[in-house]
Amino acid sequence: MSQSESRFLDRPVVSIPAFLAEAAGKWRNQPALWRWVDARFAPVTYGALFPAVAALAARLADHGAGPGVRVAIRHGDRFAFAIAYLAVHWSGATAVPLDPMLTPVEVTGILHDADAALLIVDTRSAYLDSPTVKTRVVELANIWPGFAAADGDIPTPPPIDPRSLATLIFTSGTTGYSKGVMLTHANIVTDIMAIQEMRLLEHSDVLLSVLPIHHAFESTAGFLYPLSIGAQVAYARSLKSNEILDDLRANQATVILAVPLLYEKMRNAIARKVEEASPVRRGLFNAIAGMVRLGHRLGWKRGGQMLFRGARRKAGLASLRLVVSGGAALPAEVSEFFDVFGIPILQGYGLSEAAPVVSVNRPGHHRYDTVGPALPGVEVKVREPDADGIGELAVRGPMVMAGYWNRPEDTAAVLRDGWLLTGDLGWLDPDGHIHVVGRSKNVIISGAGKNIYPEEIESVLNAQPGVAESMVYGIKRSGKTGELVGAIVVPDREWLAAFQPEAVRDRQSLQAAMAAAVKGACEGMAPYKRIVEWTMRDDPFEKTSTRKIKRALALQQLATSPSDGAPERTQTADAV
């Protein structure tokens with residue numbers, strides 16, 4: 001056991017309010033959160049934040065919140081969501097964070113399943129007043145006292161058992177349907193303490209928050225963790241590229257925590273600017289990039305930070321020193337691009353059932369092809385590895401959930417002898433770095449028994465010129481064993497219009513461009529991995545709030561095509 005692990009495991013574990021209040025006491029007069037109000041970003045200091053949180057917790061207590069009570073939160077404003085989330089914990093109740101994009105039927109089902117006594121909303125919805133919903137609904141604006149005129153002392157949190165339930169997160173989990181992940185205060189606090197050991201953020205950092213706070217990745221790593229070290233969180237106005245860049249400049253943000261899709265869009269935007277530049281400027285950019293890559297191979301890691309300083313300023317990224325990626329697999333070429341550009345991306349791995357961070361690459365020692373080694377205090381092993389060393393990843397540590405809410409059979413299926421069975425497939429290299437290859441439920445098995453990982457093929461497809469995104473799936477054959485590989489491809493019309501204008505001349509030309517992309521992706525693949533059938537899709541895939549493709553929905557839509565927006569499927573190769 002390393003010294004850092006020893007220090008981490010020896011630290012006392014307290015409740016979330018007590019953990020944050022201790023840090024807030026050191027930074028009372030410094031900004032904690034930045035919110036967009038009156039057409040500008042305004043700071044909320046630690047000395048203003050926590051008295052307001054305690055006051056709102058008292059109001060929630062008047063409405064029935066307290067130990068053993070579930071309080072759901074459904075609010076479209078992420079700053080307001082954050083205040084309510086802290087207040088629920090401060091009251092001793094259990095927070096049930098809800099995705100604002102959920103339908104009325106989905107919200108009603110979760111409220112019933114969680115037996116939530118209270119629901120905090122931005123605007124009261126008529127369906128929530130239905131006699132079938134017993135949950136009491138309150139609008140946050142009606143009970144939130146706001147911030148005091150001057151900073152106050154940090155109030156003392158109420159005594160809360162760290163083993164009590166802090167958050168109940170409803171997720172599809174590892175077995176498919178909606179379940180409530182039970183995370184205790186100790187689960188979340190120990191995960192944050194382990195992240196602190198990595199020193200990803202410093203007290204001086206400003207994190208630009210772009211993800212929904214109801215998700216465990218954002219609430220732990222993008223919200224509670226920064227507050228635990230006295231850093232600042234600025235809430236971006238939207239996910240629009242131009243507004244994100246404006247918000248970066250306005251807050252001089254130094255860190256972003258996001259999902260791969262955002263970084264892919266940023267990479268594509270920069271690459272597009274390079275391609276549109278004059279031949280001289282384009283050649284200079286590529287020459288510098290080549291020098292940086294050579295420097296990386298020779299051990300000079302800071303070349304991109306120095307040589308591309310001016311380019312980052314023009315791109316609006318001058319203040320960024322670090323970005324963190326999670327929630328899905330980050331294509332290696334995207335990570336390498338940003339590293340060359342002077343902004344290292346630290347890819348991590350986690351799941352809601354582990355509070356959620358399990359591993360992350362270390363600053364100065366990150367690798368493109370892994371999600372890093374496990375955090376201190378976390379054990380990872382590979383179950384039933386195949387001949388290539390690939391098997392199901394299992395995780396053990398104090399951040400692993402208490403179980404699934406009211407689902408003992410589901411809990412028993414994934415928690416065994418203290419190990420959490422993740423449902424993710426991967427392997428460990430000699431340095432302890434974790435390589436995730438895909439979800440076990442997504443694996444395609446060929447007729448010869450070969451495992452094919454859709455995520456691997458999607459990464460290659462998405463790197464092809466003119467491809468915006470893709471989804472790979474298995475094709476079952478009547479009367480035959482095994483599956484073939486199929487794909488749905490979405491063209492990047494903006495890129496094609498700029499660099500291959502003939503491709504967007506008509507639909508036939510667009511299909512020809514996508515056919516070339518599919519062929520190019522297959523050229524370097526083993527025969528059994530090659531795509532034998534593909535479909536072009538006009539619209540982007542529907543995604544979850546954390547930007548993961550809704551695979552089941554995409555396949556359901558594929559089954560009902562062709563339509564005006566989906567042409568006949570195209571065969572690209574003989575079955576193998």
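This is a predicted model: local features need pLDDT of at least 70, side-chain atom pairs count only at pLDDT 80 or more; totals for chains, interfaces and linings use all residues.
Local features need pLDDT of at least 70, side-chain atom pairs count only at pLDDT 80 or more, and totals for chains, interfaces and linings use all residues. Residues are numbered from 1 along each chain as its sequence is written, and side-chain values use heavy atoms, with hydrogens and water left out.

**View 1. The largest nonpolar core holds 127 residues.** Such a core is a set of buried Ala, Val, Leu, Ile, Met, Phe, Trp, Tyr and Cys residues joined through side-chain atoms within 4.5 Å. Buried means under 20% relative accessible area, exposed over 50%, and partly exposed in between (1.4 Å probe, protein chains only). Leu 33, Leu 49, Phe 223, Ile 256 and Tyr 263 touch the most other members. Helix α4 (residues 78-90) gives the most, with eleven residues. Helices (H or I, at least four residues) and strands (E, at least two) are DSSP runs, numbered from the N terminus. A second, separate core has 22 residues, including Ile 457 and Ile 531.

**View 2. Leu 49 and its contacts.** Not counting residues up to four places away in sequence, Leu 49 touches Ala 32, Leu 33, Val 44, Ile 83, Leu 86, Phe 147 and Leu 227. Contact means heavy atoms within 4.5 Å.

**View 3. A cis peptide bond joins Ala 355 and Pro 356.** Omega is about -5°. Pro 356 sits in the loop between β13 (345-350) and β14 (357-360).

**View 4. Asp 115 has a positive phi, near 50°.** This non-glycine residue lies in the loop between α5 (104-114) and β5 (118-121). Asp 115 is exposed, at 52% relative accessible area.

**View 5. Gln 252 has a positive phi of about 50°.** Gln 252 is not a glycine. Its loop runs between α9 (241-251) and β11 (255-258).
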